[in-house]
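Please look over the sequence and the structure shown here before reading on. The briefing that follows goes through the fold, the cores, the surface and the contacts between side chains.

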Amino acid sequence: MTSVTATKRSGPDDPHGGCSGRDGQGGQGGRPPRFWRPEPPGPPPRGKAFGDRAAWFLVLPALIPILILSVGPLLYGIALAFTDAQSGRTRSTQWIGTLNFQDLLHDTLFWDSFRIGLVWAVGVTVPQFLLALGLALLLNQNLRLRWLARALAIVPWAMPEVVVGIMWRLVYNPDAGILNETIRDLGLGDGRDWLTGLATALPAVILVGIWAGMPQTTVALLAGLQNTPRELHEAAALDGAGAWRRFRTVTWPAIKPIALAISALNLIWNFNSFALVYVLTSGGPGGRTRLPMLFAYEEAFRYGQFGYAAAMGCVMVAVISVLLALYLVGRLRGGEDR
């Protein structure tokens, strides 16, 4: 009796003593037998490995210039910051550790330039975004000659910064500049020297920065506006939503990722500005427009303090890295919320 029961519970074809399930798997409901173990993964197919190597070969033409022209100089500059490197062929370079950074902590001129750089970056980025947003909303409307307005809006973006700086120097010229001539024609005074005045130099340069960088922001926001479905605006209008409510509930959520991205990039780009301010004022008058990049440039190529200038560059790289980290953390948290 016992042998018959055992035979019923485990057939002759079941080596593990369990009922054979579907698809040849032991156990009930297709579950594997009790002592079943998965097979270890084998080597990847030759085709996949070859595809991975081919992908790296395709990336190398773009990766090698980045390593040579960006990563290499960055690492060399970081190493240079810990030395007393100066101009002169016969001068030897010594390793001095963190002495340059210690001197930098007590350099009031550098921290003044750092403060000016923050004022410049924020003073350019915020109005630039607001004006670009208004212009993008206008260019998104169904207007006559809209194509011409869009083409003219990107003209400043197509001009090199050196050309922009020279052009605005002519505009700000105290004797024959169009700005002072307009002021005189309107009877508002005799004008002033905008780029050499202690109170007007930085605002004048900020105005040029806004004008020069606004087209890039406009194009990015306009692309976001054009990707917003019109059906959403029509549905909101049918529900009785006004222009401001449609912007707040439909337009802004659609372009918010683009707005945050372009604002973060503009802030970093403006903080690193060099050519435009150098052509306009060269950091004057009295250092009122001396941005951190200008200060580091003068230390390196006017006074020959390469190690000290490299330490300034390291500080600026650290600040930019913090800004990038904050932006990326905000983007990741926004993605999780969605």
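A residue is called buried when its relative accessible area is under 20%, exposed when that area is over 50%, and partly exposed in between, using a 1.4 Å probe and protein chains only. Glu181 has a relative accessibility of 33%, so this residue counts as partly exposed. The model is predicted: local features need pLDDT of at least 70, side-chain atom pairs count only at pLDDT 80 or more, and totals for chains, interfaces and linings use all residues. Residues are numbered from 1 along each chain as its sequence is written, and side-chain values use heavy atoms, with hydrogens and water left out.

**Overall fold**

- The chain has 14 helices and 0 strands; helices (H or I, at least four residues) and strands (E, at least two) are DSSP runs, numbered from the N terminus.
- Of the 338 residues in the chain, 30% count as buried.
- A contact means heavy atoms within 4.5 Å. Among contacts in the chain with a separation of 6 or more, 61% are between residues 24 or more positions apart.
- The accessible surface of the chain is about 22100 Å², and carbon and sulfur atoms account for 64% of this area. Accessible areas come from the Shrake-Rupley method with a 1.4 Å probe; for residues, only the protein chains shown count as cover.

**Nonpolar cores**

- A nonpolar core is a set of buried Ala, Val, Leu, Ile, Met, Phe, Trp, Tyr and Cys residues joined through side-chain atoms within 4.5 Å.
- The largest nonpolar core has 40 residues, and those that touch the most other members are Leu104, Phe110, Trp120, Tyr172, Val208, Leu280 and Met312.
- At least two residues of this core come from each of helices H4 (108-139), H7 (161-171), H9 (201-226), H11 (243-271), H12 (275-280), H13 (292-301) and H14 (306-337).
- Helix H14 gives the most to this core, with 8 residues.
- Another core, of 13 residues, lies apart from the largest one, and its members include Phe129, Leu139, Met214 and Leu221.
- Which residues does Phe110 touch, not counting residues up to four places away in sequence? They are Leu104, Phe295, Met312 and Val315.

**Nonpolar surface patch**

**Salt bridges**

- A salt bridge is a side-chain nitrogen of Lys or Arg within 4 Å of a carboxyl oxygen of Asp or Glu, and the structure holds 2 of them.
- Glu181 forms a salt bridge with Arg184, where the closest N and O atoms are 3.4 Å apart.
- Glu181 and Arg184 are separated by about one helical turn, because they are 3 residues apart in helix H8 (residues 178-185).
- Arg184 counts as partly exposed, at 30% relative accessibility.
- Arg290 forms a salt bridge with Glu298, where the closest N and O atoms are 3.5 Å apart.
- Buried or exposed: which word describes Glu298? Glu298 is buried, with a relative accessible area of 9%, and Arg290 is partly exposed at 21%.

**Aromatic pairs**

- Rings of Phe, Tyr and Trp (its six-membered ring) pair if their centres lie within 6.5 Å; planes under 30 degrees apart count as stacked, over 60 as edge-to-face and the rest as tilted.
- The structure holds 17 aromatic pairs.
- The rings of Phe82 and Phe101 form a tilted pair, because their centres are 5.3 Å apart and their planes are at 45 degrees.
- Phe82 lies in the loop between H2 and helix H3 (99-105), and Phe101 lies in helix H3, so this pair ties together parts that are 19 residues apart in sequence.
- Phe82 is partly exposed, with a relative accessible area of 23%, and Phe101 is partly exposed at 21%.
- The rings of Trp111 and Phe114 are edge-to-face, because their centres are 5.6 Å apart and their planes are at 65 degrees.
- Trp111 and Phe114 are 3 residues apart in helix H4, which means that about one helical turn separates them.
- Trp111 is partly exposed, with a relative accessible area of 34%, whereas Phe114 counts as buried at 12%.
- Phe110, Trp111, Phe114, Phe271 and Phe295 form one aromatic cluster.
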